[in-house]
Amino acid sequence: MSLPQPVPPSWKDLGKSSNDLLGKDFPTSGISLEIKTLTPSNVAFKVAGSRDSKSNLIAGDIEAKFFNKPHGLVLTQTWTTSNVLKTQVEVDNQIAKGVKLDLQTALTPDTGAKSALFTTTYKQPGLHTRAFLDVFKGPTFTADTVLGRDGFLLGAEASYNVTEGKITRYATAIGYSAPEYAVTLHGLGNLSTFAASYYHRVTPDVEAGAKAIYDTRSAGNVALEVGAKMYLDSAAAVKAKINNSGVLALGYVQSLRPGVRASFGLTLDTQRLNDPSAQGAHKVGASFTFEG
């Protein structure tokens, strides 16, 4: 069961409880499979694949994660079916308590495309701050901070292009998180788009949430989405959500046994139920996860 987070690690995670409720466990774009295993020598393997129901394209990746807990070191290697090689190196609590260093790189041998993102994180009770340096893009320096006290949360982000010498992006968020509910307001896209979200754990078995988005650059109305989740028992749950365009999504999650989880999703455009040409507007999918 998801609970409101007191001080999330990123300003984007303000409202995470609502985003998870409305965004997760609705596998309607096709079929996906994920297998996770852990060896006795602390090496974790993950194989993931998905088939898109619209394009019929199959995508996947294989990941190996090596842990060196005495030195706070984690090394992750990933190879995707798009022939992208990814490497991530994490060092936690070695330089100072609460300080984490993270280097993520990606290379596409076919085209020579490459990227490198260096991240420094500092966290203490009531404070999470990060600094990113995108080495090959710009280079661009990005910083974000989240402050929390007595349930109140304040977060902000800004990006600075070193070559151009100007701030290229900024955003902010404010919210309140309590044990049973959370409310959040985001100002995105240089404060051109505003998103408000709400999450409520009504009972131990029922959760509800809503999200509204307003884009000042468009003349359209506010986009609204509401949803709910009900736990049938300790191993199963059903979810439902609907937006102001009349698109209804249903989800069902079942733990078949320890380490085996299945999710099923269905999306219906309720305004086109009797339209024979609207078959593409209705989607169905499934997701399976095996972990051992």
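**Figure 1. Overall view of the predicted model of the protein chain.** Buried residues account for 31% of the 292 residues in the protein chain, which is shown here as a predicted model. The secondary structure of the chain amounts to 1 helix and 19 strands. With a radius of gyration of 21 Å, close to the 19 Å that the globule rule gives for 292 residues, the chain is as compact as a globular protein of that length. The C-alpha trace spans about 60 × 45 × 40 Å along its principal axes. Among contacts between residues at least 6 apart in sequence, 29% join residues at least 24 apart.

Figure 2. Helix α1 comprises residues 16-23 and has lysine 16 within it. Buried in this helix are Ser17, Ser18, Asp20, Leu21 and Leu22, and what covers the buried residues of α1 includes the strands β13 (193-203), β14 (206-215), β15 (223-233) and β16 (236-243). Lysine 16 has a relative accessible area of 26% and is therefore partly exposed, and its side chain is joined to that of aspartate 20 by a polar contact of 2.6 Å. An α-helix has 3.6 residues a turn, so residues three or four places apart point the same way. After the helix comes aspartate 25, which has a positive phi, near 65°. As a reference for distance, the C-alpha atoms of lysine 16 and alanine 281 are separated by 28 Å, the two residues being 265 residues apart along the chain.

Figure 3. The largest nonpolar core consists of 6 residues in all, namely Trp11, Leu14, Val146, Leu153, Ala171 and Ala173. When residues up to four places away in sequence are not counted, valine 146 touches Val7, Pro8, Ser10, Trp11, Leu14, Gly126, Leu127, His128, Leu154 and Gly155.

Figure 4. A search of the whole structure finds 3 aromatic pairs. One of them is formed by tyrosine 176 and tyrosine 181, a tilted pair with 6.0 Å from centre to centre and 40° between the planes. Tyrosine 176 is partly exposed, with a relative accessible area of 25%, and tyrosine 181, at 33% relative accessibility, also counts as partly exposed. Another pair is formed by phenylalanine 264 and phenylalanine 288, whose ring centres are 5.9 Å apart and whose planes stand at 85°, so this pair is edge-to-face. This second pair links distant parts of the chain, since phenylalanine 264 is in strand β18 (residues 260-269) and phenylalanine 288 in strand β19 (residues 283-291), 24 residues apart. Phenylalanine 264 has a relative accessible area of 39% and is partly exposed, as is phenylalanine 288, for which the value is 27%. Phe152 forms one aromatic cluster together with Tyr176 and Tyr181.

**Figure 5. Close-up of lysine 241 and the ring of phenylalanine 26.** The ring of phenylalanine 26 has the charged end of lysine 241 sitting over it, at 4.7 Å from the ring centre.

How values were computed. Residues are numbered from 1 along each chain as its sequence is written. This is a predicted model: local features need pLDDT of at least 70, side-chain atom pairs count only at pLDDT 80 or more; totals for chains, interfaces and linings use all residues. Side-chain values use heavy atoms; hydrogens and water are left out. Rings of Phe, Tyr and Trp (its six-membered ring) pair if their centres lie within 6.5 Å; planes under 30 degrees apart count as stacked, over 60 as edge-to-face and the rest as tilted. Buried means under 20% relative accessible area, exposed over 50%, partly exposed in between (1.4 Å probe, protein chains only). Helices (H or I, at least four residues) and strands (E, at least two) are DSSP runs, numbered from the N terminus. A charge sits over a ring if NZ of Lys or CZ of Arg is within 6 Å of the ring centre and within 35 degrees of the ring normal. A polar contact is a pair of N or O atoms within 3.5 Å; within protein, one must be able to donate a hydrogen and the other to accept it, and residues adjacent in sequence count only if both atoms are side-chain atoms. A nonpolar core is a set of buried Ala, Val, Leu, Ile, Met, Phe, Trp, Tyr and Cys residues joined through side-chain atoms within 4.5 Å. Contact means heavy atoms within 4.5 Å. The radius of gyration is taken over C-alpha atoms; the globule rule is 2.2 Å times the number of residues to the power 0.38.
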